Amino acid sequence: MPGLVVFGRRWAIGSDDFVLPGAFELFLRLLWWVGILVLYAVHKGRFGCPGGALLHSYLLVLLALLAAIICTLSALVYVSMQGTISNPGPRKSLPKLLYTRLLLYLPEFIWAVVGAVWVSDSSVRCESTVINVILGTVVASWVIIVFTIIGVLIVFDPLGGKKTFYLTDGLDRNLESSQSGQLLYNVKNTATRVWEKRIRLMCCCIVQDDDHRVAFTSIAELFRAYFSDTDLVPSDIAAGLILLHQEQDKMESCPKEPEEVLCHSPSSLVADDLDIELENAAHYMLFAAAAYGWPYYIYTNPLTALCKLNSDCCRSRPEDSDITGSDRRNFHFGSILRITGLQYRDFIHISFHNKIYEIPFFVALDHKKEAIVVAVRGTLSFEDILTDLSADCEDLTLEDVLENGFVHKGITQAANYIYQKLINDGILNQAFTIAPEYKLVIVGHSLGGGTASVLAIMLRNSFPTLKCYAFSPPGGLLSKTLAEYSKRFIVSIILGKDLVARLSMPNMEDLKRRIVRIVANCNRPKYQILLRGCWYEVFGGDPDNFPTELDGRNDDALTQPLLAEESLMVHRSPSYNALDGESHLNSPPQYPRLYLPGKIIHIVEESSSRRLCSSDTKYSANWSNETVFSSILISPKMITDHMPDVVLNALNSLSQEHRSCISCGGSHV
């Protein structure tokens, strides 16, 4: 729902967000009140000890104060339970109750001070039990006050004052006027500065230079543009994601049409090609995973990794090894050696240097596949995250291939950095001097997969036989023309519902539109959605059939936003281009659509059986196309399906299954 407006400003909390925290505090206050009442009843008539008169008054006032707080909390929770996310009307009295509850903190604070003074008074000679109870009461009061202050800081919206003014008056103003235009410009500037400060705070531990400052501003502008047109609080987004997940699960449980099943049945020639690519992908995924160094090795071998790496750290590196960047105690290089199974002499160049737009990579000789492998590391640092989030588009011009094509800015700059190293520093020349008959293969996972893809496009003219395997690359990477061109030499491997492979600005806009629509039109209170959603995520079961205002409406009616949706929009978003009276052609999207690189292999989990200490998961793989990844899927596996160890296990499982099928077929012959 729209953010709660109190004290003349908007807050990042809704009027229906007080049910669960309010109920929890109400439970604690009731226990507290009963305990104090029992203490008073037991010691009634026994307050003759030194300091007992003050104790008697303290307990009576505390009982009355707790009773007032309990009554206020009960009313606050009850009112907050009313209505729905997009219908705050039944909760219109909540701000008054909230003012009352906050006002009660003043006498509670004063009484906590009085209790502290009484407990610390050396002249008090009452029973130790009573003193300990009062001490516990004082501590509990201070804990609640401190947590309340922390909660206020969390839900504080730095733009609350400006947003309130814009929300209430903005729609009635003529934005063509210079005054309104200047107002909107000031709001946008303030929002950008707020996001920039947040990003700087998150990255306070890294050295910041001009590249960082440019990236901070660019990313802040991106976040400002994305979040500026909706009036959703975090709990609304959580409720929307829960509803979308259950809606998707209901759709997946529906039987597929026969035509859908038939279209995924590949010919024998395509199936053979797929098996070959899966075998190669399983092999090269080791290199992509190894690029993460010791964090990946310790993550996948938590019991033995440190002992093995400690034994490796004492070994001296070969003097001719070309290693740049910091690798204390030889942990990174030792992990790469153990994961890939290669020898020292097989490495041509290793770079652990890491800055924004400059990511680690290594070049090695793979004698098994007779390939020179360039492996690019994925996201593992704040610098890498900034590279990921630099999602503006820039032109990539290729001579004799395409006039131009759009690419992800941050990833392209990272690819250009590695390109300069490989070509200008003569690293590839050195590799091909050692193994002139080997082919060039570029691999990477996540950010490394996207960088490897753009790098492969840059190197394609110089190395026509080049091959690239991009594991779980980001979805918003290449324009349509570049994506089609890259299908000649790039293979992307996507597992399940991987979020990153579906990440692009148009997809994020689509997700925002779907969240707004499903949240605005659900007829259940938010607390019910959150509680049932948590139960469903943890314990499973059948997805809830939450009634919505969309039920029973025909497709034509769904092409226009409902009033409830419009109440959650500050102004028209690019995501509503398709919902306007205007067509797509007359209102171009703010963000150009970018696609996954190359041909796409989509791996899907077919079945999973869990035992006490292990799990057995079966996978299937098929060639896919970019339209399958044009929408973000909400699932607990949207994160785990992106993890490099999970991708590697899936590829190894498919490769092992293929080899067993071949051996079974050979034995029958």
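**Close-up views of a predicted chain**

Four bridges, or in figures 4, join β4 to strand β5 (residues 361–366), and the two strands run antiparallel; strands pair if DSSP finds at least two bridges between them. Before we look further, please note that this is a predicted model, in which local features need pLDDT of at least 70, side-chain atom pairs count only at pLDDT 80 or more, and totals for chains, interfaces and linings use all residues. Residues are numbered from 1 along each chain as its sequence is written, and side-chain values use heavy atoms, with hydrogens and water left out.

**View 1. Strand β4 and its partners.** Across the antiparallel pairing of β4 with β5, F347 stands opposite A364 in β5. Strand β3 (residues 323–324) is joined to β4 by 2 bridges, and these strands run parallel. Here I323 stands opposite I350 in β4. Strand β4 (residues 347–351) is largely enclosed by the rest of the structure, because 5 of its 5 residues are buried. Buried means under 20% relative accessible area, exposed over 50%, and partly exposed in between, with a 1.4 Å probe and protein chains only. Helices (H or I, at least four residues) and strands (E, at least two) are DSSP runs, numbered from the N terminus.

**View 2. Helix α3 and its cover.** In helix α3 (residues 94–103), the buried residues are L94, P95, L97, L98 and R101. They lie on the same side of α3, because they cover an arc of only 160° around the axis; the arc is that of the directions from the helix axis to the C-beta atoms. On the face turned away from this buried side, α3 carries the exposed residues K96 and L103. The cover over the buried residues of α3 includes β1 (5–6), α1 (19–42), α2 (52–80) and α4 (105–120), where contact means heavy atoms within 4.5 Å.

**View 3. Two aromatic pairs.** A search of the whole structure finds 12 aromatic pairs. Rings of Phe, Tyr and Trp (its six-membered ring) pair if their centres lie within 6.5 Å; planes under 30 degrees apart count as stacked, over 60 as edge-to-face and the rest as tilted. One of the pairs is W11 with F156, edge-to-face at 5.6 Å centre to centre and 70° between the planes. This pair links distant parts of the chain, 145 residues apart: W11 sits in the loop between β2 (9–10) and α1, and F156 in the loop between α5 (128–155) and α6 (160–169). W11 is buried, with a relative accessible area of 12%, while F156 counts as partly exposed at 39% relative accessibility. The pair of Y58 and W111 is stacked, because the ring centres are 5.6 Å apart and the planes are at 5°. Y58 in helix α2 and W111 in helix α4 are 53 residues apart, so this pair too links distant parts of the chain. Y58 is buried, with a relative accessible area of 4%.

View 4. An unreviewed UniProt entry lists residues 20–42, 54–78, 98–119 and 131–156 under "transmembrane region"; UniProt positions are given in the numbering used here, feature names are shortened, and annotations may be inferred rather than shown by experiment. Over residues 98–119 the chain is 95% helix and 0% strand, with end C-alpha atoms 31 Å apart. For residues 131–156 the values are 96% helix, 0% strand and 38 Å between the end C-alpha atoms.
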